[in-house]
Amino acid sequence: MFTLVHRFRIMILITGATGLVGTHLLVQLINEKQPIRALYRSEAKKEYARKMFSYYLPEKEHLFDTIDWVKTTLNNIPELSEAFKGITHVYHCAAKISFNPSHYKKLRKVNIEGTANIVNLSLIHNVEKLCHVSSIATLEENPVTAFIDETAEWNPEAQKSVYAITKYGAEMEVWRGAQEGLSTVIVNPGIIIGPGFFDSGSGFLFKRIYAGMRYYTTGTSGYVAIQDVVRIMHRLMEGKYSKERYIIVGENLSYKDAFSMIAKALNKSVPTKKASPFLLKLAYTLQRISHFFFRTKRSIFKSSIRSALSNSLYKNDKIKNELKFTFTPIQEAIKETATAFLNEV
């Protein structure tokens with residue numbers, strides 16, 4: 001294990017290497033022949049990451065085996081300590097995503113305590129730089145302007161999802177590391193559109209719409225192509241950016257428009273019925289009753305209703321100006337993701 005350490009001056013560690021962001025980041029970095037150590041939790045997830053390699057780099061799939069894979073979790077300190085040996089740069093992509101309040105302890109264990117472990121080990125091992133993947137869920141509405149930017153401050157009195165609370169807690173650990181001398185950048189991506197992960201996140205939306213979805217919600221949010229997320233992360237890590245956060249949103253879209261784009265890309269009917277607040281609350285209540293009596297899985301929570309009805313608009317001026325970055329049109333990202341989905345079904 002760790003045979004690459006002495007051959008390169010730079011050694012990159014990626015947590016959450018088998019997730020949407022982590023896998024695409026692997027493809028980006030390995031194609032540039034960067035030395036990588038990647039953390040993963042199961043062989044099935046690792047093999048799925050291999051599948052993504054074959055999707056993007058069909059003629060370079062052998063590069064997947066040059067990655068130094070380490071099977072561990074964010075809370076296994078002895079194994080993590082070993083994995084940090086020789087590491088110079090860390091991309092912290094691992095996180096647990098759930099809006100179910102009953103999952104709070106699990107979310108806290110991974111998102112807050114896990115991030116604290118990554119920060120502490122980065123300090124102990126004199127890591128040169130850490131990039132932490134957060135979320136727009138941690139950003140507040142701006143009471144002065146219509147747009148949310150990087151100056152948005154957390155309001156502890158506002159209602160938040162358990163996911164947002166723990167991701168904010170993770171950010172506090174990163175800022176604490178920065179105060180202790182660790183060079184850090186935080187990225188706050190919007191809803192990430194990208195191929196390969198259709199059982200969770202935005203990918204599941206493609207699955208739902210393909211199966212037939214008649215309703216749309218009235219809110220608005222920020223969207224970004226996965227390729228833009230990893231390119232920006234890589235450029236921030238290579239540059240002299242430190243103790244900064246960056247919103248990564250390509251476009252602000254209403255859920256109606258986003259759902260319609262996805263439906264058209266999948267050659268499916270566009271959702272035409274508006275899900276009113278009353279209808280969403282009714283669905284929430286019925287799910288709770290069904291869960292109580294029959295232990296059925298819930299997918300609608302108070303926080304997800306608030307998000308579905310919220311008109312949140314995000315500014316991307318900071319990252320565009322500092323990196324001179326041009327974002328991929330979301331319609332283009334949706335078409336690519338839809339093509340990948342249709343190839344799997």
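**The nonpolar patch**

Reply: Helix 9 (residues 277–294) is the top contributor to the nonpolar patch, giving eight residues; helices here are DSSP runs of H or I with at least four residues, strands are E runs of at least two, and both are numbered from the N terminus. Bear in mind that this is a predicted model, where local features need pLDDT of at least 70, side-chain atom pairs count only at pLDDT 80 or more, and totals for chains, interfaces and linings use all residues. Residues are numbered from 1 along each chain as its sequence is written, and side-chain values use heavy atoms, with hydrogens and water left out.

The patch consists of Tyr215, Phe278, Leu279, Leu282, Leu286, Ile289, Phe292, Phe293 and Phe294, with about 990 Å² of accessible area together (Shrake-Rupley, 1.4 Å probe; for residues, only the protein chains shown count as cover). To be in a patch, a residue needs over 30% relative accessible area and no salt bridge (a Lys or Arg side-chain nitrogen within 4 Å of an Asp or Glu carboxyl oxygen), and nonpolar side chains (Val, Leu, Ile, Met, Phe, Trp, Tyr) are joined within 5 Å, like charges within 9 Å.

Take Phe294, which lies in helix 9: its relative accessible area is 64%, so it counts as exposed (over 50%; buried is under 20%, partly exposed in between, with a 1.4 Å probe and protein chains only).

Now the wider setting. The protein chain has 12 helices and 14 strands, and buried residues make up 51% of its 345 residues. Its accessible surface comes to about 16800 Å², 53% of it from carbon and sulfur atoms. The C-alpha trace spans about 60 × 45 × 45 Å along its principal axes.
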